[in-house]
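Here is a short briefing for a first look. Keep the sequence and the structure in view while you read.

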Amino acid sequence: MNSMAVFSIKGGTGKTTLSGSLGWIMAERGHQVLLIDMDAQGHLTQLFRGKPGKGQTKLYYSLIHEQPLSETIVHTSNPNLFLIPATEDHYYLNSALLSKPWREWKLKDALQAIYPFPYDLVIIDLGANLTLSTYVAMFAAKILVIPVLPDILSYLSLKSLFTFLDKTCKNYKYSFDMIWVLMNRMNNHRPLDRENMRALEKYYAKFLMPVMVREDLKFSEATKERIPVTSYAPHSIAARDMKKVADFLEPIIFQPKSPKPS
Amino acid sequence: MEDVYAANAPTEFPAPKEQPKIEEPINMEEKQNGPMKETVDRWKKEILDKIQYLKENFDQASHDREALSQEIDRLKEELSNSQERAQALDKKLAETMETFNNLLDEVSGALRT
């Protein structure tokens, strides 16, 4: 199962936009993609106008009452793209998870229980906070993508996140396959942005994605229209940069796995 | 300013299992210039397209002007010919009227005698 979480501790770094755009591009390229909106704000759900049907199982009930996760999935306007929407129950997810054994692995288990698994890629969009839901989402993901902005606060929060990831992975004996830091809203004309980029290149070289997303108002316009930017303005900087991110991730996500030695 | 970044550089790193190595170190210069070059190339293409479009428009306008000029010359020539014909006709009419008046005078004279 190819799964990717998009997460950063800092808010407003473009997690939802990145999740939605990447999901859309991968779906347009023929991959079956499942988006999971784990952010209680539900912006990804709003972006794709995804709402559970009347009486349909919600993610909360799937994780807490162990109802099949497949029953929570809704369709989007793209036939290859599916969504597990956020609902108001997400606000109670953390407190409900507290009493559950093996709570951190609930989403991973629920995903693995879908058989046969029809999705080529699962993208999990997280809110900017460290809660049980964060653990639940992160432990269901093999790849972690961390969008950062070219400012000092993003840089500082990245250090906190790396410390958290290091400790968490050691404590839970969990290891991601890959962790990528993605520079978002970069403006090369601003010296401070360039300075920030140089710092990332110096101190996060191993994790820094060799592509970046430049600042472009088309993101906001597309979000307002609730259309993925690659459809709203396919020739814009925003769309082209997003495609470059997809170009970078696609081969490493879908690379053929080498057979394990027996 | 560099100190802020150095002072807050990460000290603990998670260890992903399959993190691919980026084969070529990211060249800041290239990264800075890459998007800029792309933008400049796009602008260049847009400007060249615009020039081509204007040139085509200009050529078309020149061609139209030439055609109009020829049409004006033709019409002027036709007007000049028509004026000449009108003058000839006027002259002929005057002669005819004179002949007619003379005839009338002769008829009147004959009637009186």
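This is a predicted model: local features need pLDDT of at least 70, side-chain atom pairs count only at pLDDT 80 or more; totals for chains, interfaces and linings use all residues.

Chain A touches chain B through 28 of its own residues, which meet 21 residues of chain B. Within chain A, helix α11 packs against several elements, including α1.

**Helix α11 of chain A**

- Helix α11 covers residues 237-253 of chain A.
- α11(A) has 17 residues and runs 24 Å from its first C-alpha to its last. That is close to the 24 Å expected at 1.5 Å a residue.
- Its buried residues are A:Ile237, A:Ala238, A:Ala239, A:Asp241, A:Met242, A:Val245, A:Ala246, A:Leu249 and A:Ile253.
- In an α-helix, residues three or four places apart point the same way, because there are 3.6 residues a turn.
- The buried residues of α11(A) pack against α1, β5 (121-125), β6, β7 (178-183), α9 (218-225) and α10 (229-232) of chain A.

**Where α1 meets α11**

- Two packed helices are described by the angle and the distance between their axes.
- Helix α1 of chain A spans residues 15-28. Its axis comes within 10 Å of the axis of α11(A), and the two cross at roughly 70°.
- The crossing of α1(A) past α11(A) is right-handed.
- On the α1(A) side, the contact uses A:Ser21, A:Leu22, A:Ile25 and A:Met26. On the α11(A) side, it uses A:Met242, A:Lys243, A:Val245 and A:Ala246.
- By class, this contact of α1(A) with α11(A) holds 6 nonpolar residues, 1 polar and 1 charged.
- Among these contact residues of α11(A), A:Met242, A:Val245 and A:Ala246 are buried.

**A loop residue: A:Asp151**

- A:Asp151 lies in the loop of chain A between β6 (143-148) and α7 (152-172).
- A:Asp151 counts as partly exposed because it has 16 C-beta neighbours inside 10 Å.
- A:Arg190 is 39 residues away from A:Asp151 along the chain, yet their C-alpha atoms are 11 Å apart.

**Chain A against chain B**

- The contact joins 28 residues of chain A to 21 residues of chain B.
- On the chain A side, the elements that give two or more residues are α7, β7 and α8 (191-203).
- α7(A) gives the most, with 9 residues.
- This side of chain A divides into 16 nonpolar, 3 polar and 9 charged residues.

**Chain B itself**

- Chain B has 2 helices and 0 strands.
- Of its 113 residues, 3% count as buried.

Terms used:
Residues are numbered from 1 along each chain as its sequence is written. Chains are lettered from A and ligands numbered from 1 in the order in which they are written. Axes are lines fitted to C-alpha atoms, for helices over the stretch in contact, and angles run from 0 to 180 degrees between N-to-C directions. Helices (H or I, at least four residues) and strands (E, at least two) are DSSP runs, numbered from the N terminus. A crossing is left-handed if the near helix is turned anticlockwise from the far one by less than a right angle, and right-handed if clockwise. Two residues are in contact if their C-beta atoms, placed from the backbone, lie within 7 Å. Ala, Val, Leu, Ile, Met, Phe, Trp, Tyr, Cys and Pro count as nonpolar, Asp, Glu, Lys and Arg as charged, and the others, Gly among them, as polar. A residue is buried if 20 or more other C-beta atoms lie within 10 Å of its own, exposed if 12 or fewer, and partly exposed in between; C-beta atoms are placed from the backbone. The expected span of a helix is 1.5 Å times one less than its number of residues.
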